[in-house]
Amino acid sequence: MEGLRGALYTEGLGDDRAVLARTPFGLVAILSDGANGMSGAAQAAEDLISGVLQAMRDRRTLPDVSDVTSVLVELDRKIVQRDSCGEASVVVVVVGGTQLRGASVGEGQAWLLDDASGVELTVNQRRRPLL
């Protein structure tokens with residue numbers, strides 16, 4: 001995946017992408033699932049990953065949920081303007097100190113797990129199909 005220098009972890013398989021990166025405020029985890037079989041899905045997933053990472057890379061403080069949501073809305077606007085735009089869902093989780101925040105679009109879910117249990121972080125999300 002291009003433009004992801006400094007990432008602690010990157011993975012790409014088919015139309016799906018995942019990145020864990022260090023930022024000035026802490027960490028950002030981004031998972032994007034390209035719409036399988038759709039033309040441009042892998043590129044949409046990659047554009048979401050790169051765009052979120054770029055937006056978070058220079059932030060000094062932990063972004064609010066509204067900040068993360070605004071980034072996703074802006075990326076959606078940019079992606080849909082392309083002639084060859086594909087579709088993807090995305091989950092973004094930012095971590096700073098003892099706090100975590102995030103936003104997601106599509107069918108993706110985020111869970112916080114420990115040895116004994118799990119909590120779905122996206123349980124109250126109103127699902128929008130894809131970006």
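**Gly40 and the loop around it**

Begin by selecting Gly40, which is found in the loop between strand E3 and helix H1 (41-57). Helices (H or I, at least four residues) and strands (E, at least two) are DSSP runs, numbered from the N terminus. Contact here means heavy atoms within 4.5 Å. Extend the view to Ala88, which stands 48 residues from Gly40 along the chain, and the two C-alpha atoms are separated by 9.3 Å.

The model is predicted, so that local features need pLDDT of at least 70 and side-chain atom pairs count only at pLDDT 80 or more, whereas totals for chains, interfaces and linings use all residues. Residues are numbered from 1 along each chain as its sequence is written, and side-chain values use heavy atoms, with hydrogens and water left out.

**The whole chain**

Zoom out and colour the chain by secondary structure. There are 2 helices and 7 strands, and from the N terminus on their order is β-β-β-α-α-β-β-β-β. Of the 131 residues, 39% are buried (buried is under 20% relative accessible area, exposed over 50%, partly exposed in between, with a 1.4 Å probe and protein chains only). Among contacts between residues at least 6 apart in sequence, 51% join residues at least 24 apart.

Accessible areas come from the Shrake-Rupley method with a 1.4 Å probe, and for residues only the protein chains shown count as cover.

Select strand E2 (residues 16-23), in which Thr23 lies. Is Thr23 buried or exposed? Thr23 counts as buried because its relative accessibility is 8%. Its contacts, leaving aside neighbours within four places in sequence, are with Val28 and Met56.

Next select Arg17 and Glu46. These two residues form a salt bridge, and their closest N and O atoms are 3.2 Å apart (a salt bridge is a side-chain nitrogen of Lys or Arg within 4 Å of a carboxyl oxygen of Asp or Glu). The pair links distant parts of the chain, since Glu46 is in helix H1 and Arg17 in strand E2, 29 residues apart. Glu46 is buried, with a relative accessible area of 18%, and Arg17 also counts as buried, at 11%.

**Other salt bridges**

A search of the whole structure finds 4 salt bridges. To see another, display Arg59 and Asp67: their closest N and O atoms are 3.3 Å apart. Arg59 is partly exposed, with a relative accessible area of 25%, and Asp67 counts as partly exposed at 25%.

Proceed to Arg101 and Asp64, which form a salt bridge whose closest N and O atoms are 3.3 Å apart. This pair too links distant parts of the chain: Arg101 is in strand E5 (residues 99-105), Asp64 is in the loop between H1 and helix H2 (65-80), and 37 residues separate them. Arg101 is partly exposed at 22%, as is Asp64 at 41%.

Select Thr69, found in helix H2. Thr69 is partly exposed, with a relative accessible area of 34%.

**The largest pocket**

Which residues lie nearest the centre of the largest pocket? Select Ala29, Leu31, Val93, Ala110 and Trp111, which hold that place among its 14 lining residues. A pocket is an open set of points on a 1 Å grid over the protein atoms alone, where a 1.4 Å probe fits, with protein on both sides within 12 Å along at least five of seven lines; lining residues have an atom within 4 Å of a point. The volume of this pocket is about 220 Å³, that is, the space filled by probe spheres set on the points, which are joined across faces, edges and corners.

Strand E3 (26-34), strand E4 (88-96) and strand E6 (111-113) each supply at least two residues of the lining. E3 gives the most, with 4 residues.

**A nonpolar patch on the surface**

Finish with Leu100, Leu112, Val119 and Leu121, which form a nonpolar surface patch with about 320 Å² of accessible area together. Patches are made of residues with over 30% relative accessible area and no salt bridge; nonpolar side chains (Val, Leu, Ile, Met, Phe, Trp, Tyr) are joined within 5 Å, and like charges within 9 Å. Leu121 is found in the segment after strand E7 (118-120), and at 39% relative accessibility Leu121 counts as partly exposed.
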